[in-house]
Amino acid sequence: MFHMITTTPKRSLAALGAGAALTLALTGCLPSASPANDDGSTPAAQEQSAAATPPSSAQGRGGDDSPTTQAATKAAADDAAATEAGKLTEPGTKLKFGEVAYTHSNSGDKGTEKYKEATHETKVTKIVQGDEADLAALKDAAKFAGQVPYYVFTDITLTSLSKPSAGIGDPRIQGHLKDGSEAQKLIVMGTMGECKSGTFKTEGDGDAFTYVVGSSKTECSVFLAPAGDAVTTASYGDSSYNYENYKDNKFRDSPITWG
């Protein structure tokens, strides 16, 4: 027997707290010089390394300022920026199922010890039509007569945490009907049909108990469509991030969409 409550679609309004997205710093190190042998000759390992090193591009190829070197450097920087934790996908971005959006969430009041932020890689992978019989197992199944459940599957990878946490919110996904209107979400305690959700890995204990950065999970949400209609797309409106002013949430009116 399932215990459930239903929620009607609504948009998240203002809440206290505003957070800046997190960034990762890339660091490097220089190799230390190898000592010479007692007779002044170069050690074999150093000779092999030198032999394997191609001539400097500065010798006849324009040095580090050559077009080839500049292009390679820019490409590497662009790749790093594209996957940088905390770099959010632009509001209004339209994605295909399986494509990644960079999202964030927070909890607590900014400036307090309890304030926390997280970033994620989020992607809606598929929308699966359920069976009306799946609703029959609910305690008040009669109220859902003429409705069909649709299961929206989302893969989420936790890419950063500002401090240990095992309770910060996940990106919330909304299903949409054929005409683009929001579908009714059904909150089910447990599983329904093939709609099952996982959890992030955890580690530590006490105040250090936390989700493991880098771990992933699949989240499944249930939405309802009247018979003859269907849930065909899904969106992310950044409602799991608390802005000081709801107008600061640019995703509210221009959500990221999959479909």
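I started with disulfides, taking one as a pair of cysteine sulfur atoms within 2.5 Å, and by that rule I count 1 disulfide. The model is predicted, so I note that local features need pLDDT of at least 70, side-chain atom pairs count only at pLDDT 80 or more, and totals for chains, interfaces and linings use all residues. Residues are numbered from 1 along each chain as its sequence is written, and side-chain values use heavy atoms, with hydrogens and water left out.

Which cysteines pair up? Cysteine 195 and cysteine 220 do, with their sulfur atoms 1.8 Å apart. Cysteine 195 sits in the loop between β7 (184–189) and β8 (202–203) and cysteine 220 in strand β10 (residues 216–226), so the bond ties together parts 25 residues apart in sequence.

Are these two buried or exposed? I call a residue buried under 20% relative accessible area, exposed over 50% and partly exposed in between (1.4 Å probe, protein chains only). Cysteine 195 is buried at 5%, and cysteine 220 is buried at 10%.

Then I zoomed out. The protein chain has 3 helices and 12 strands; these are DSSP runs numbered from the N terminus, helices being H or I with at least four residues and strands E with at least two. Of the 259 residues in the protein chain, 32% are buried.

Last, I checked contacts, meaning heavy atoms within 4.5 Å. Among those in the protein chain with a separation of 6 or more, 72% join residues 24 or more positions apart.
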